[in-house]
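Look at the structure first, then follow the questions.

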Amino acid sequence: MDATSIWADACAILEKEMVRVSYETWIHDTLKPYSLIGDTLILECLNSLMLEMGVSRFTNQIQNAVNPASGRALKLEILCEGALVSRVRELEATVNGNTL
């Protein structure tokens, strides 16, 4: 499975569990799949304000939806544009056995 498939399945779970306005505001309209690197699913958040103000409140619930959606235990990282590229490089290097 790739990040997009996992996220689509996780969203189906979250949509059933959450109040509609919360799901649409903090999940559907704010997060998108970015990458699956090794055992880490990376989601991109619209902006840091959304991450700090709301998305962070749902991190455990998102994690609990991602694991059954993927069929395995994944680490979850939700990042905004500023930290995204450097963290992806770091994870890719780790998975590939390289050092930065």
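Q: How do you know that the span of helix α4 agrees with its number of residues?
A: This is a predicted model, and α4 covers residues 59-70. A helix is expected to span 1.5 Å times one less than its number of residues. For the 12 residues of α4 that gives 16 Å, and the end C-alpha atoms are 16 Å apart, so the two agree.

Q: Which residues of α4 are called buried, and what do they pack against?
A: Buried means under 20% relative accessible area. Ile62, Gln63, Ala65, Val66, Ala69 and Ser70 in α4 are buried. The buried residues of α4 pack against α1 (3-17), α2 (20-28), β1, β2 and β3.

Q: What follows α4?
A: Gly71 does, with a positive phi near 80°.

Q: What makes strand β2 mostly covered?
A: Six of its six residues, 40-45, are buried. Both faces are covered. Thr40, Ile42 and Glu44 lie on one side, and Leu41, Leu43 and Cys45 on the other.

Q: Why are β1 and β2 called paired?
A: Two strands pair if there are at least two bridges between them. Six bridges join β1 (residues 31-37) to β2, so they pair. The two strands run antiparallel. Leu31 has Cys45 in β2 as its bridge partner. In their hairpin, two residues sit between the strands, and Gly38 takes a positive phi near 60°.

Q: How do you know that β2 and β3 pair, and in which sense?
A: Five bridges link β2 to β3 (residues 75-79), and at least two are needed, so they pair. The sense is parallel. Thr40 stands opposite Lys75 in β3.

Notes: Residues are numbered from 1 along each chain as its sequence is written. This is a predicted model: local features need pLDDT of at least 70, side-chain atom pairs count only at pLDDT 80 or more; totals for chains, interfaces and linings use all residues. Side-chain values use heavy atoms; hydrogens and water are left out. Buried means under 20% relative accessible area, exposed over 50%, partly exposed in between (1.4 Å probe, protein chains only). Helices (H or I, at least four residues) and strands (E, at least two) are DSSP runs, numbered from the N terminus. Contact means heavy atoms within 4.5 Å.
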